[in-house]
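Here are some quick notes from a look through this one. Have the structure open while you read.

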Amino acid sequence: MAAISSVPPPVSTADAAQWLPWMRRALELAALGAGRTSPNPLVGAVVLDAAGTLVGEGYHACAGTPHAEVHALHQAGPRARGGTLIVTLEPCCHHGRTPPCADAVIAAGIARVVVAMADPNPQVAGGGIAQLRAAGLEVITGVADTEAQALNRAFVHRIQTGRPLGILKWAMSLDGRTALSNGASQWISGPPARAWVHQLRAHCDAVIVGGGTLRADDPLLTSRGQREPEPLRVVISRSLELPETAQLWDTSSAATLIAHGPEAPAEARARLAALAAAHPGVQTLELGACSATALLEALAARGCNQVLWECGPELAAAALREGCVQQVAAVIAPKLLGGTPARTPLGDLGFTALDQLPLWQASAPQQLGADLLWTLTQEAP
């Protein structure tokens with residue numbers, strides 16, 4: 001990531017208090033775009049006139065549409081002149097699918113810009129702040145920086161690693177089973193937990209399963225209409241032994257991508273090609289290697305900031321081993337399934353001693369009807 005040498009030091013605590021309520025409003029606005037802005041970040045903005053009165057609000061709603069600053073400035077109109085722009089992310093200074101926001105801010109006659117966090121995108125990386133300062137605007141940075149970083153954790157992760165942020169989700173019984181010994185698994189969790197999963201999918205750009213999950217569960221993998229468009233449904237398979245009838249072949253509600261590695265048998269590739277031809281909209285992708293890392297790099301190139309792993313134990317373990325999971329969401333149902341050969345959430349992670357285990361930060365459990373949700377977030381190294 002490019003050094004951000006032109007960004008001034010964070011604002012003092014005393015100065016931050018003046019702008020903090022407005023920045024928190026801008027953060028609330030930014031969150032309204034969750035799940036729809038990738039590959040762009042979530043951004044919110046408010047405009048105060050010279051007297052400190054709110055005259056404009058905006059947020060980035062969808063990639064390719066005007067950015068938060070432009071919406072807020074448009075709403076403010078001529079009252080923006082001499083006023084203050086409070087924005088959750090440094091205004092951009094490059095031409096993408098939309099013109100540079102820094103140009104719009106200067107043209108609107110804004111006198112002061114309050115920024116929560118600098119943009120880690122190398123195309124910006126302090127350049128927007130430098131342009132504003134060079135034009136004579138006062139620029140204050142670092143107001144609610146921690147909150148802004150948390151809101152855009154997925155975007156920052158993709159910029160820094162070249163992979164989307166990965167969330168691994170599973171539902172299991174109190175004794176750690178994800179299915180009975182005969183494979184029956186619907187439904188371990190209750191309706192409130194399943195509704196929560198639909199919300200989670202709506203905040204992700206892709207939902208990933210393996211071929212085994214497709215064969216065993218025939219999942220739909222949509223948000224049930226909570227997001228438009230629906231997240232990309234991704235199946236990764238080494239063997240390409242996929243059922244000829246599955247809900248994912250119907251792309252009328254959501255797109256489907258079938259990914260595989262170079263080792264996929266020729267006969268299986270031919271079957272996949274025939275299935276894709278029979279179901280317009282189904283996409284296929286050959287990866288350099290059939291691995292979690294290769295898949296996420298390909299999804300990042302497609303503009304995914306955040307993905308959801310809803311896969312079986314072996315693929316889940318591989319994603320963890322390869323560093324493709326930054327958050328775990330485990331729904332625990334008050335049920336006892338039993339059975340020694342019953343399926344568990346994870347395959348072998350390769351550890352031989354407990355001191356090898358990585359550190360995860362656990363949140364307080366959340367009640368979802370009769371079930372509990374535990375969330376683990378990867379701690380910084």
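The points below cover the cores, then the pockets.

1. Keep in mind that this is a predicted model.

2. Start with the largest nonpolar core, which has 40 residues. The members touching the most others are Met23, Val47, Leu85, Val105, Ile110 and Val113. Helix H1, residues 13–31, is the top contributor here, giving six residues.

3. Ignoring neighbours within four places in sequence, Leu85 is in contact with Ala45, Val46, Val47, Glu69, Val105, Ile110, Arg112, Val113 and Val114.

4. On to the largest pocket, with about 680 Å³ of space. Of its 32 lining residues, Lys169, Ser185, Trp187, Asp217 and Glu310 lie nearest the centre. Strand E6 (165–173), helix H7 (191–202) and helix H8 (211–217) are the elements giving two or more residues to that lining, and H7 has the largest share with five. By class, the lining splits into 15 nonpolar, nine polar and eight charged residues.

5. The second largest pocket holds about 570 Å³. It has 25 lining residues, and nearest its centre are Ala34, Leu151, Ile167, His203 and Gln306. At least two lining residues each come from helix H5 (145–151), helix H6 (153–161), E6, H7 and strand E12 (327–333). Here the classes come out as twelve nonpolar, eleven polar and two charged.

Key:
Residues numbered from 1 in each chain as written. Predicted model: local features only at pLDDT ≥ 70, side-chain atom pairs only at ≥ 80, totals over all residues. Heavy atoms only, no water. Core = buried A, V, L, I, M, F, W, Y, C linked by side-chain atoms within 4.5 Å. Buried < 20%, exposed > 50% of the residue type's maximum accessible area, 1.4 Å probe, protein only. Helix = DSSP H or I, 4+ residues; strand = E, 2+ residues; numbered from the N terminus. Contact = heavy atoms within 4.5 Å. 1 Å grid on protein atoms, 1.4 Å probe; cavity = no way out; pocket = protein on both sides within 12 Å on 5 of 7 lines; lining within 4 Å. Points joined across faces, edges and corners; volume = space filled by probe spheres on them. Nonpolar A, V, L, I, M, F, W, Y, C, P; charged D, E, K, R; others polar.
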